[in-house]
There are 2 protein chains.
Amino acid sequence: MEENASNDGKTWVLVTPHLRCTITEVSAPRTPLSRDRVLRAAIAIADADGVEALTMRRLARALDAEAMSLYHHVKNKDDVLDGVVDVIAGEINAAVEHITAPTWKAAARERILTARSIFLRHPWAPAVFAGRTAVSFEVVRYHDRLVGLMHDGGFSYDLAHHALHALGSRALGFAQELFDPGDAGGNADVPPELAAAVPNLVGMLAEVAHDDPGSTLGWCDDQFEFEFGLDLVLDGLERLRTA
Amino acid sequence: MEENASNDGKTWVLVTPHLRCTITEVSAPRTPLSRDRVLRAAIAIADADGVEALTMRRLARALDAEAMSLYHHVKNKDDVLDGVVDVIAGEINAAVEHITAPTWKAAARERILTARSIFLRHPWAPAVFAGRTAVSFEVVRYHDRLVGLMHDGGFSYDLAHHALHALGSRALGFAQELFDPGDAGGNADVPPELAAAVPNLVGMLAEVAHDDPGSTLGWCDDQFEFEFGLDLVLDGLERLRTA
DNA sequence: AAGACAGCCTTACAACGTAAGGGAGAACGC
DNA sequence: GCGTTCTCCCTTACGTTGTAAGGCTGTCTT
């Protein structure tokens with residue numbers, strides 16, 4: 001859309017070959033950019049179209065600005081991703097702040113499941129969290145509170161330390177799923193030579209299908225599986241704590 | 001380096017402004033490209049300079065070919081990454097094939113630690129594994145054998161299924177470490193306002209430092225932590241199995 | 001009034017993945 | 001023998017990406 005100036009000084013654009021539209025300044029003088037606005041727009045784009053859609057130009061367009069303008073508020077694209085991680089971790093921290101529970105285990109469980117519920121709103125975020133190398137303050141803070149919870153609950157710091165490692169990304173509410181092993185055998189159109197190569201998975205899925213014939217074959221209840229693994233770890237830690 | 005033809009028909013290149021070098025075909029007629037060669041070269045590049053150095057042009061250069069030539073053996077770059085995953089998973093399967101152990105737990109433990117030892121040679125690989133969405137045959141096969149191991153050891157398929165989820169990426173020998181929480185408080189140059197914000201981590205690291213004053217502060221023994229988490233899960237599963 | 005400064009834009013470039021088509025040599029039918 | 005086909009590989013080119021360098025236009029300060 002190219003702007004022109006008529007001889008009376010007014011600015012106009014050609015809407016159709018026979019229709020010009022004179023421009024009068026009517027919009028408010030545009031709220032200025034800021035690191036925070038950039039990061040929030042980045043999250044909105046990733047929520048809508050995935051991280052691969054998150055480019056500097058697209059980000060600028062969403063903010064009604066030019067790509068290079070962003071660089072006055074953000075160091076570079078990596079800085080955007082680091083910032084996004086920090087904002088989401090902050091969101092999580094805000095959500096878990098007021099959690100209280102009778103035992104360390106119940107409290108940890110609720111914190112983690114709450115964190116998970118936030119990741120469910122940003123399905124692209126786990127991959128970004130996992131990919132970042134810089135330490136996010138909010139992520140550190142999240143783990144700090146978790147350690148505090150365990151320490152107050154009777155953990156030695158040493159055991160709490162191991163506990164963090166044992167939980168891994170599960171502490172933050174997601175477990176990096178490489179792929180869904182059930183997919184391989186679940187669909188009916190699985191080639192027979194592949195089925196023959198993985199008899200145990202085929203057997204497993206057959207049994208699961210038998211137990212619950214109504215369920216969609218080969219799909220797993222993510223929430224259930226997540227809680228299963230989480231409880232496995234938490235129960236193991238509880239046993240170590242009282243040992 | 002531009003090739004020219006002199007009037008006697010010989011091909012030559014200009015090495016310096018005053019020195020031409022006639023070309024005589026001396027190298028063997030170059031082993032032809034193949035999907036396998038491409039994938040192996042890709043792994044070699046990633047091993048040497050990281051995945052971000054793995055571009056189609058760089059890959060072609062390593063194979064003494066042009067970028068577009070690769071597309072006759074590989075669908076596109078995603079296909080390269082999928083293939084790389086499959087090759088490495090195959091490497092793992094080959095390494096764990098002959099493992100035998102008295103109990104399912106010992107066998108699973110050894111398989112997983114063996115897989116881990118291979119990832120230690122390809123530090124960039126976990127991120128690629130985690131990022132891929134396509135199912136790799138070799139990865140499926142790896143999990144299939146693990147399920148078989150558990151089933152033979154007395155697991156119901158249902159429990160084995162949950163076990164896969166509980167192990168997550170640990171089943172393959174790596175646990176996605178978001179960041180090393182110890183980094184935040186370990187170094188002496190941590191800003192005081194940050195230290196004040198994460199008192200539990202600071203306390204934890206102080207105690208760990210006290211217990212083991214000789215160790216480098218804030219660093220963790222990855223191997224130990226990995227085995228700690230792995231055993232936590234395996235012990236929990238063993239308890240469920242016999243329940 | 002004049003200079004400083006913040007905030008945004010324009011232009012430009014190197015590197016990326018890859019679409020489209022060309023060309024050289026081997027293999028093969030006649 | 002010769003033309004055809006097929007297999008590999010290369011050349012050229014395009015659109016998109018992140019971002020370096022510098023210019024423009026206000027507002028604020030002195």
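The surface near DNA strand D divides into seven nonpolar, four polar and three charged residues (Ala, Val, Leu, Ile, Met, Phe, Trp, Tyr, Cys and Pro count as nonpolar, Asp, Glu, Lys and Arg as charged, and the others, Gly among them, as polar). The model is predicted: local features need pLDDT of at least 70, side-chain atom pairs count only at pLDDT 80 or more, and totals for chains, interfaces and linings use all residues. Residues are numbered from 1 along each chain as its sequence is written, while chains are lettered from A and ligands numbered from 1 in the order in which they are written.

**DNA strands**

- DNA strand D is surrounded by 14 residues, and the closest are A:Thr55, A:Asn76, B:Leu33, B:Met68 and B:Ser69 (a residue is near a molecule or strand if its C-beta atom, placed from the backbone, lies within 6 Å of it).
- Around DNA strand C there are 15 residues, the closest being A:Ala65, A:Met68, A:Ser69, B:Thr55 and B:Asn76.
- The surface near DNA strand C has seven nonpolar, four polar and four charged residues.
- Helix H2 (residues 56-62) of chain B gives the largest share of the surface near DNA strand C, three residues.

**Fold and confidence of chain A**

- Chain A holds 11 helices and three strands (DSSP runs numbered from the N terminus, with helices being H or I of at least four residues and strands E of at least two).
- Read from the N terminus, the order of elements in chain A is β-β-β-α-α-α-α-α-α-α-α-α-α-α.
- The average pLDDT of chain A is 83, with 79% of the residues scoring at least 70 (pLDDT is the predictor's confidence in each residue, from 0 to 100).
- In residues 1-28 of chain A the pLDDT is below 50, and this stretch has 20 contacts in the model beyond near neighbours in sequence (two residues are in contact if their C-beta atoms, placed from the backbone, lie within 7 Å).
- In residues 181-187 of chain A the pLDDT is also below 50, with 26 contacts in the model beyond near neighbours in sequence.

**Core**

- Of the 243 residues in chain A, 34% are buried (20 or more other C-beta atoms within 10 Å of a residue's own make it buried, 12 or fewer exposed, and in between partly exposed; C-beta atoms are placed from the backbone).
- The largest nonpolar core has 112 residues, and A:Ala42 and B:Ala42 have the most contacts inside it (such a core is a set of buried Ala, Val, Leu, Ile, Met, Phe, Trp, Tyr and Cys residues joined through C-beta atoms within 7 Å).
- Not counting residues up to four places away in sequence, A:Ala42 touches A:Leu54, A:Leu59, A:Val80 and A:Val84.

**Chain A against chain B**

- Chain A superposes on chain B by a rotation of 180 degrees with 0.0 Å of shift along its axis, at an RMSD of 0.1 Å (least squares on the C-alpha atoms of residues with pLDDT of at least 70 in both).
- This is the relation of a two-fold axis.
- The contact takes 49 residues from chain A and 49 residues from chain B.
- On the side of chain A that touches chain B there are 26 nonpolar, 14 polar and nine charged residues.
- The copies meet through the same surface, because 100% of the interface residues of chain A are also interface residues in chain B.

**Single residues**

- A:Asp64 is not a glycine, yet has a positive phi of about 60 degrees.
- A:Asp64 sits in the loop between helix H2 (56-62) and helix H3 (77-96) of chain A, and is exposed, with 12 other C-beta atoms within 10 Å.
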